[in-house]
Amino acid sequence: MSEAIYTVTNPATGEVEETFPTATDDEVMAALERAYAARERWRKVPLEEKIAIIERVAAEYDSRQEELARIIGDEMGKPYGDATGEVWLSGDIHAYNAKHAPEVLADEELDLGERDGRAYMRKEPVGVIVGVMPWNYPYYQVARFAAPNLLLGNVILLKHAPQCPRSAKVIEEIYHAAGVPKDVYQNLYATNEQIAMLIDDPRVQGVSLTGSERAGSAVGERAGRNLKKAVLELGGSDPFVVLPDADIDKAVEDGILGRFENSGQACNAAKRFILIGDETYDKFVPKFAEAVAGLKMGDPHDESTNIGPLVTEAAAKGIQAQIDDAVDAGAEVVVGGKRPDGPGAYVTPTVLAGVTPQMRAWSEEIFGPVAVMYKAADEDEAVRIANDTLFGLGASVHSADVDAALRVADRLESGMVSINEAPGSSSELPFGGVKRSGFGRELGTYGFDEFCNKRMIRIAG
């Protein structure tokens, strides 16, 4: 066995709780051989049987909510309320996909005009696909990738984040217990080099990655070199734009939820708060800062905790370095700004103001509990600030005038936009970005489209 890199290190205590052995190259290739051999058998399983299996997966998530929530609380520090919510959403994603699979996967008749015969499009599986998943939403990220692809008939090799070996194992157990054949969904404690080896192999037909820009660039390059389809969901530095006529109290409430859910460790979190006009800024910032100061930081298993530890000590140090860079260059700390004393990878919820383009915090993604305030003179400046980033995942706009909010939203460079609500995710809404936030869509019914062969069938009259 090779050296273990899959380790449960409790970020609340810094203690190593468990390690899992990394797969050998031979084990990875044997898993691929089994997956490749299983692809035709799984493809031939009737859709109604696949639907029943995925419905059982949904039921497993619902019945094991407490157990599953505790696992990710220990692995990556997710607060209890966020953890139980993620488990519920993961079950709901499976239920949604199972419900809509018959209509989505039905043949689509094509209009032949005056020509004789008929033609239609059919969605068919492509075969073996690889998933590379992140630590911040251990169940949800796998659910939105795996549920539609298993229903479609694809076979999955799944590499989870090294911080999440327990949840990776239990996800595999849930699929197998529900009836997914063991060779159709396989969890691999694989290395990055082994994932590259899989992408190079002609038996693999595609790869989906959710993670960092660096990881996305590496996987995208490898996939392109091998002419493989890739779906990449990467970072975000999402703007939260508040117009002068917005309900400030409601905007503050939405902003707190949109920024600090999962302790701020979400790709599509509201990260840059762009407030149009002096009056809007002067009303919003004090109320928002007061709400941030009231957030409870502590034990992720305590139901009253709002902010848990970050995933690792290195992550906490990185966030603090971004805060310090801004402060050293003249930014104002409205609240927070310093890490608390004591053990654990904690970062105090922080609000920064007076950030300038010379600071890292201006356009970098801050993947933790830090909100950055920007003042814009008008809509044009707000849009310029919002788009002044390499990312383009999500955005939100807040105004009493929906038409005005839509006018601003139409100018934003993003894959998603919410009007008068906190950014978030749900089973029925497509998820994905533009620019360096990646490409491809998951959730809704769009997840069925990424790794399917849309075969045209023409029957002569």
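Is I274 buried or exposed? Select I274 in your viewer to start: at 0% relative accessibility, this residue counts as buried. Here, buried means under 20% relative accessible area, exposed over 50%, and partly exposed in between, using a 1.4 Å probe and protein chains only.

Before moving on, a word on what is on your screen. This is a predicted model, in which local features need pLDDT of at least 70 and side-chain atom pairs count only at pLDDT 80 or more, while totals for chains, interfaces and linings use all residues. Residues are numbered from 1 along each chain as its sequence is written, and side-chain values use heavy atoms, with hydrogens and water left out.

Helices (H or I, at least four residues) and strands (E, at least two) are DSSP runs, numbered from the N terminus. Next, show the contacts of I274, meaning heavy atoms within 4.5 Å. Beyond neighbours within four places in sequence, they include F240, V242, Y374 and I385.

Move to helix α7, residues 192-200, and pick out its buried residues: Q194, I195, A196, L198 and I199. They pack against α1 (25-44), α8 (213-225) and the strands β5 (128-132), β6 (155-159), β7 (185-188) and β8 (204-210).

Last stop, the cysteines. The structure holds zero disulfides, a disulfide being a pair of cysteine sulfur atoms within 2.5 Å. For C164, the nearest cysteine sulfur is that of C267, 13 Å away. C164 is buried at 0% relative accessible area, and C452 is buried at 12%.
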